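I opened this notebook to keep track of what I looked up in one structure. The entries follow the order in which I went through it.

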Amino acid sequence: MSDTDLKSIEARTLVAEKEAQAIQEELDKLVRGDLNYTSHPQLVKLLSDNEKLKHRLAILENAIKAVNSGVVKAKNRPTLISNIKSIEGTICVIDELKKIFTIAIGSAYPELDDPPVVITLSGNNPKFGDYQCNSAMPISQLLKAKNIQTNPREVGNNILIKTPSSPLVQKLVVAGAGFLNIYLNKNFVEHVLNSILRFGVKPPPVKRNRIVVDFSSPNIAKEMHVGHLRSTIIGDSICRALEFLDHDVLRINHLGDWGTQFGMLIAHLQDKFPDYKTHSPPISDLQAFYKESKKRFDEDEDFKKRAYACVVELQSGHPDYTAAWKLICEVSRQEFQKVYDRLDIKIIDRGESFYQSRMDTIVKELKEKGLVEEDEGRLIMWGSTEQTGIPLTIVKSDGGYTYDTSDMATIKQRVEEEKGERLIYVTDVGQYTHFATIEACARRAGILKGGQKIEHVGFGVVLGEDKKKFKTRSGDTIKLIDLMDEGLKRALDKLVEKGRDKVLTPEELKQAQEAVAYGCIKYADLSHNRINDYIFSFDKMLDDKGNTAVYLLYALTRIQSISRTAQVSFDTLMTKLEKSGIKLTHEAEWKLGKVLLRFPEVILKVTNDLYLHSLCEYLYEISSTFTEFYDKCYCVEKDKTGNVIKIFYERLMLCEVTARIMTKCFEILGIKTVSKM
């Protein structure tokens with residue numbers, strides 16, 4: 001036999017062995033019931049159906065076991081609005097839609113635990129509806145992970161079939177990859193707007209919480225400067241939003257009113273005004289007083305020793321030193337209050353001194369629980385047993401306490417004495433790590449329990465137009481009171497430039513000046529994402545075009561003047577409301593109505609994530625949408641001589657609702673509005 005014949009036989013033998021091996025593998029799969037190797041379409045479908053049936057059988061078997069063992073976990077079915085007339089005020093549409101689709105998805109796919117219910121705004125294209133349910137795609141992925149073959153479109157159709165009817169919804173349409181386009185019922189939107197006209201802008205119902213907001217927090221004996229501006233403005237607006245929802249809010253000003261610096265201040269006071277106990281010293285300029293004492297402290301060794309001795313006397317409670325300390329604190333508080341009055345800030349002073357005795361208690365408690373350890377003479381505490389990150393210094397090597405000690409005592413007081421559930425701290429972003437460590441330690445110590453939490457509201461730096469830290473030309477920090485004075489001057493210049501001094505009374509002009517000055521400072525801050533730095537520019541703030549306080553305040557006064565120009569009183573408007581009510585017949589009316597409807601969901605978002613720029617963006621959207629409506633829809637028709645020949649009362653009602661919601665937005669932002677400007 002030739003070599004060629006041998007090679008041919010070997011090749012055929014290898015092929016035969018492979019075929020035999022393939023047949024054996026098929027036989028093994030048949031024994032196991034695995035038919036995936038075949039590509040016959042009918043068999044593939046049968047296999048897929050079989051997998052689904054096996055999965056459902058497993059669910060039924062588990063349900064039977066649960067019933068037999070008496071452990072049945074019933075899903076809470078949300079209560080839906082069934083009658084439009086039951087709504088007497090605002091309603092959060094997105095929350096109601098989430099309830100509707102929670103029921104729909106739960107009915108369509110009961111085998112899924114906590115399936116995603118994703119509801120979003122559809123955008124500006126009417127063909128995609130007003131809202132969308134975008135749950136089909138993630139649910140499809142969850143089902144595929146359970147070996148249930150499906151696709152997003154099929155999931156969307158299944159959800160649609162199971163969606164309960166609602167007076168909020170006109171129709172539902174499945175589009176594209178299972179997106180459910182939701183079209184609102186016009187009668188529902190009209191009813192809500194009419195309710196706002198009848199009852200005012202009411203908050204959506206929420207569970208009432210006790211919330212402590214710590215903001216502003218200047219240091220005694222130092223002027224409030226631009227660095228305190230953001231904390232004060234952001235903190236106040238957060239409080240206003242939470243208070244609008246009827247939460248029990250405690251506004252705290254955690255003043256820096258304790259520490260070694262008071263030794264040098266008291267010593268300097270004793271030297272400069274020895275009769276301070278009987279005659280109030282003229283130290284209104286505490287910043288200069290502080291600098292004088294600090295200079296002496298740095299240069300005069302004897303003075304430094306006396307300053308330290310004064311600290312000891314103060315901490316021991318000596319009445320003369322306590323009186324000097326109180327005097328210095330009171331002078332500072334009076335200066336701070338001038339700023340708060342001008343910015344319309346309500347806040348309760350509670351300085352570091354308030355927590356002095358409580359620091360002894362927290363240190364003792366942490367020692368007893370074995371949560372502190374010695375490190376080079378000091379006592380430290382870690383946020384976790386893994387000892388990662390940076391520990392807190394609870395007691396210094398010299399036995400003194402630190403800001404960490406004070407913060408732990410503060411949290412304990414706010415949770416246990418004030419019954420706080422949310423503890424909000426409004427400070428610069430640089431303190432994020434500190435508050436994360438503080439929360440971890442407070443939770444480890446058992447101070448924070450369950451849903452009680454610390455929320456750090458961080459903010460960026462205020463920059464000058466040169467994009468460097470905002471300072472005076474000489475390099476000093478800008479005093480807040482000087483900044484507000486400059487704002488008043490520029491606001492008046494702007495109003496005079498517009499000729500408003502010729503049409504407004506002196507009192508109206510003064511009100512407009514203050515509204516513009518303080519409003520533009522606040523809005524410029526709040527309209528930026530607080531995490532970012534922002535450039536302080538009066539020129540941009542006072543621009544009457546774009547998303548600025550000046551433009552929006554002008555827009556509001558124009559809206560409020562429409563009924564006044566037509567000489568239609570509010571009583572007349574209410575009489576017309578009872579006869580017909582708001583009707584959104586024109587496309588521009590319908591668009592504006594839907595924007596106004598979103599007020600509750602914007603407020604709920606702001607009080608959840610604590611980013612105020614969302615409210616500013618919404619306020620600007622209202623104004624822009626109203627302008628579009630006003631350009632396309634006559635509210636008052638006049639002849640060539642300017643005489644009113646026809647009044648569209650339903651549109652005047654829509655103007656009134658717009659003005660009310662804009663006014664409420666301004667109120668939450670802490671910006672005063674005026675009827676004339």
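Before looking at pockets I noted what the word covers: a pocket is an open set of grid points with protein on both sides within 12 Å along at least five of seven lines. Its volume is the space filled by probe spheres set on the points. I also noted that this is a predicted model.

Entry on the second largest pocket. I looked up its volume and found about 610 Å³. It is lined by 19 residues, and W258, G259, Q315, K396 and Y401 are the closest to its centre. I then checked which elements give two or more residues to this lining, and they are α10 (301–316), α12 (356–368) and α13. The largest share is that of α10, with four residues. By type, I noted seven nonpolar, nine polar and three charged residues in the lining.

Entry on Q356. I picked this residue next and located Q356 in helix α12. W258 is already in my notes, as one of the residues closest to the centre of the second largest pocket. I also looked up Q356 against T405: 49 residues separate them in sequence, and their C-alpha atoms are 9.6 Å apart in space.

Entry on the largest pocket. Its volume came out at about 970 Å³. I found 37 residues in its lining, with S217, H228, T427, D428 and Q431 nearest its centre. Two or more lining residues come from each of α7 (226–244), α13 (403–416), β11 (422–428) and α14 (432–444). The lining divides into eleven nonpolar, 16 polar and ten charged residues.

Entry on T163. I placed T163 in the loop between α5 (152–162) and β3 (169–175). T163 has a relative accessible area of 15%, which is under 20%, so I wrote it down as buried. Which residues does T163 contact, leaving aside neighbours within four places in sequence? I listed I100, F101, A104 and L172. The side chain of T163 also reaches the backbone oxygen of I159, at 2.7 Å.

Notes. Residues are numbered from 1 along each chain as its sequence is written. This is a predicted model: local features need pLDDT of at least 70, side-chain atom pairs count only at pLDDT 80 or more; totals for chains, interfaces and linings use all residues. Side-chain values use heavy atoms; hydrogens and water are left out. Buried means under 20% relative accessible area, exposed over 50%, partly exposed in between (1.4 Å probe, protein chains only). A polar contact is a pair of N or O atoms within 3.5 Å; within protein, one must be able to donate a hydrogen and the other to accept it, and residues adjacent in sequence count only if both atoms are side-chain atoms. Contact means heavy atoms within 4.5 Å. On a 1 Å grid over the protein atoms alone, a cavity is a set of points where a 1.4 Å probe fits but cannot get out, and a pocket is an open set with protein on both sides within 12 Å along at least five of seven lines; lining residues have an atom within 4 Å of a point. Ala, Val, Leu, Ile, Met, Phe, Trp, Tyr, Cys and Pro count as nonpolar, Asp, Glu, Lys and Arg as charged, and the others, Gly among them, as polar.
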